[in-house]
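Please read them alongside the coordinates.

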Amino acid sequence: MIVAFSISPTGGDETGSVSAAVAEAVRVVRASGLPNETNAMFTNIEGEWDEVMAVVKQAVDAVAAVSPRVSLVLKADIRPGHTGQLTAKVERIEQALGG
């Protein structure tokens with residue numbers, strides 16, 4: 001499965017930035033060893049249901065450690081029997097575009 005998720009504390013630092021808290025969540029994802037990528041809006045992670053959801057929970061817990069309230073947006077592509085889709089899906093689109 002691939003999960004795209006975004007975690008954010010309800011409040012930022014003195015400048016309104018949430019990047020330090022979000023960085024802690026991304027650190028958890030990268031330390032998991034699961035295939036992942038982060039862009040401006042979401043972090044994508046690929047693996048089996050239980051391992052992906054455990055990482056999402058750990059990332060939420062990391063942000064909750066610095067904020068009394070946390071927002072989580074999550075979207076999942078559940079396709080049993082398929083792996084390597086984090087990059088394969090994008091490659092198929094690039095091929096369709098002629099790239």
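1. The second largest pocket holds about 150 Å³ of space. This is a predicted model, and the volume is a computed value. The lining comprises 13 residues, and those nearest the centre of this pocket are Ser 6, Ile 7, Val 22, Met 41 and Thr 43.

2. As to where the lining of the second largest pocket comes from, β1 and α1 (19-31) each contribute at least two residues. The most is given by α1, with 4 residues. By type, the lining splits into 9 nonpolar and 4 polar residues, with no charged ones.

3. At least two lining residues come from each of β1 (2-9), β4 and α3, and α3 has the largest share, 4 residues. Here the lining consists of 6 nonpolar, 3 polar and 4 charged residues.

4. Ser 67 sits in the loop between α2 (49-64) and β4 (70-77). Ser 67 is classed as buried because its relative accessibility is 7%, and the cut-off for buried is under 20%. Beyond neighbours within four places in sequence, Ser 67 contacts Pro 9, Thr 10 and Gly 11.

5. Leu 97 belongs to the segment after α3 (85-96). With a relative accessible area of 65%, Leu 97 is exposed. Leu 97 and Val 22 are 75 residues apart along the chain, and their C-alpha atoms are separated by 33 Å. Val 22 is one of the residues nearest the centre of the second largest pocket.

Definitions and conventions:
Residues numbered from 1 in each chain as written. Predicted model: local features only at pLDDT ≥ 70, side-chain atom pairs only at ≥ 80, totals over all residues. Heavy atoms only, no water. Buried < 20%, exposed > 50% of the residue type's maximum accessible area, 1.4 Å probe, protein only. Contact = heavy atoms within 4.5 Å. Nonpolar A, V, L, I, M, F, W, Y, C, P; charged D, E, K, R; others polar. 1 Å grid on protein atoms, 1.4 Å probe; cavity = no way out; pocket = protein on both sides within 12 Å on 5 of 7 lines; lining within 4 Å. Points joined across faces, edges and corners; volume = space filled by probe spheres on them.
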